[in-house]
Amino acid sequence: MACEYLGLETGIVSKITGQAYTVHWQFTLGGGDAVNGSTFPLDQTYCSLLLRSREALATDHMGQSEYGDHVAYRRFGLECYLAAPFWVDGELFGTVNFSSRQPRSRPFTETEKMFVTLLARWVADTVYQQKHTETLNKLVTQIPGMLYQYRLWPDGRSAFPYTSPGIQDIYGITAEQAAVDAAPVFDRIHPDDLAGVAASIEQFARTLQHWQHAYRIRWQGGWHWVEAWPGPRCSPTAAFSGTVISPMSMSATRSMKSRTSSFPPSVMNSACPLHPSQDPFN
């Protein structure tokens with residue numbers, strides 16, 4: 001879409017590491033030679049020109065510009081080029097750039113330059129989210145259970161917008177499935193426990209008071225106890241986060257509590273430790 005809007009052949013999101021330029025993602029109208037993962041010396045790319053100013057760079061006819069003798073032009077022969085850099089966690093990550101082998105009949109407008117600048121910021125936000133989601137998932141895989149965010153709508157629909165990888169081990173479904181519909185999770189709850197789970201969730205959504213609930217799920221051919229509790233940072237929007245732990249043994253439960261207590265607040269601000277007297281598995 002961006003290539004069509006700008007009237008250019010190729011769009012690339014690059015990653016810059018030291019003096020190496022890597023094609024992180026690319027799209028070429030009608031196909032092309034660029035391949036994801038291709039790496040070039042940074043000083044032989046058009047982006048090396050961009051990084052001198054740290055702002056958007058636009059040229060509509062490279063061969064007639066001040067950059068006509070640059071090694072990148074001699075190597076790639078791209079006539080028009082529009083790009084903007086972006087940063088992640090305060091460090092330069094790469095660029096968003098568009099190019100074509102044919103010169104443009106008119107110069108790039110300020111609107112087009114702003115479009116690419118804003119697009120670069122959006123890409124930066126996306127990369128940031130992916131990076132920190134990967135970090136979070138690496139942390140939560142150490143927990144014998146799962147972290148979740150749960151949303152309940154007024155019409156009764158519900159879903160888990162976020163679940164850690166542990167959902168696969170506990171409920172046997174993927175995070176993508178749970179993000180669409182929570183029904184597969186509830187389908188695995190013991191029929192005798194289902195009404196109690198639903199009632200406790202609805203009560204918590206109304207009162208936001210401390211809540212924990214133990215119930216059975218279908219697991220590895222039998223019924224297996226799990227325990228769930230939400231975090232303290234909740235609101236009347238009926239969206240809240242929390243933890244589900246499968247206490248197969250007291251050692252697993254204690255190990256989980258020990259590990260989560262060492263996590264930074266930004267990761268585990270939703271954890272609600274149980275008082276020993278409240279633990280039904282003691």
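Two strands are said to pair if DSSP finds at least two bridges between them. Helices (H or I, at least four residues) and strands (E, at least two) are themselves DSSP runs, numbered from the N terminus. In these terms, Ala83 has Asn97 in strand 6 as its bridge partner. The structure is a predicted model, in which local features need pLDDT of at least 70 and side-chain atom pairs count only at pLDDT 80 or more, while totals for chains, interfaces and linings use all residues. Residues are numbered from 1 along each chain as its sequence is written, and side-chain values use heavy atoms, with hydrogens and water left out.

An open sheet of 6 strands has the order 3-2-1-6-5-4, and its pairing is antiparallel. Strand 3 (39-41) and strand 4 (57-59) are the edge strands, each of which pairs on one side only. From one strand to the next, the twist averages 25°; for such angles, axes are lines fitted to C-alpha atoms, for helices over the stretch in contact, and the angles run from 0 to 180 degrees between N-to-C directions.

Within this sheet, strand 2 (residues 20-28) and strand 3 run antiparallel and are joined by 3 bridges. Thr22 has Thr39 in strand 3 as its bridge partner. Strand 1 (residues 10-17) is joined to strand 6 by 4 bridges, and these two strands also run antiparallel. In this pairing, Thr10 stands opposite Ser99 of strand 6. Strand 5 (residues 80-88) pairs with strand 6 over 9 bridges in the antiparallel sense. The bridge partner of Leu82 in strand 6 is Phe98. The two strands form a hairpin with 2 residues between them, and Asp89 in the turn has a positive phi of about 55°. Strand 5 is also joined to strand 4 by 3 bridges, again with the strands running antiparallel. Here Thr59 stands opposite Tyr81 in strand 5.

The accessibility of these strands was then considered. A residue is termed buried under 20% relative accessible area, exposed over 50%, and partly exposed in between (1.4 Å probe, protein chains only). Strand 6 (residues 91-100) is mostly covered, with 8 of its 10 residues buried. Strand 5 is likewise mostly covered, with 8 of its 9 residues buried.

Helix 8 (residues 191-207) was examined for its length and its faces. The expected span of a helix is 1.5 Å times one less than its number of residues. At 1.5 Å a residue, the 17 residues of helix 8 should therefore span 24 Å, which agrees with the 25 Å between its end C-alpha atoms. Buried residues in this helix are Asp193, Val197, Ser200, Ile201, Phe204 and Ala205. Seen down the helix axis, these buried residues fall within an arc of 135°, so they line one face of helix 8. The arc is that of the directions from the helix axis to the C-beta atoms. Pro191, Asp192, Ala195 and Arg206 are exposed on the other side of the helix. Just after helix 8, Leu208 takes a positive phi of about 60°.

Ser164 lies in the loop between strand 8 (158-163) and helix 5 (166-171). Ser164 is buried, because its relative accessible area is 0%. Its side chain reaches the backbone nitrogen of Leu147 at 2.9 Å. Ser158 is found in strand 8 and counts as buried, since its relative accessibility is 11%. The side chain of Ser158 makes a polar contact with the side chain of Tyr150 at 3.3 Å.

Gln177, in helix 6 (residues 175-180), counts as partly exposed because its relative accessibility is 41%. Gln177 and Phe160 are 17 residues apart in sequence, and their C-alpha atoms are 8.8 Å apart in space.

Finally, the cysteines were examined. A disulfide is a covalent bond between the sulfur atoms of two cysteines. For the search, a disulfide is defined as a pair of cysteine sulfur atoms within 2.5 Å, and the whole structure contains 0 disulfides. Cys3 is buried, with a relative accessible area of 4%. Cys47 also counts as buried, at 1% relative accessibility.

Conventions: Polar contact = N/O pair within 3.5 Å; in protein donor to acceptor, adjacent residues only side chain to side chain.
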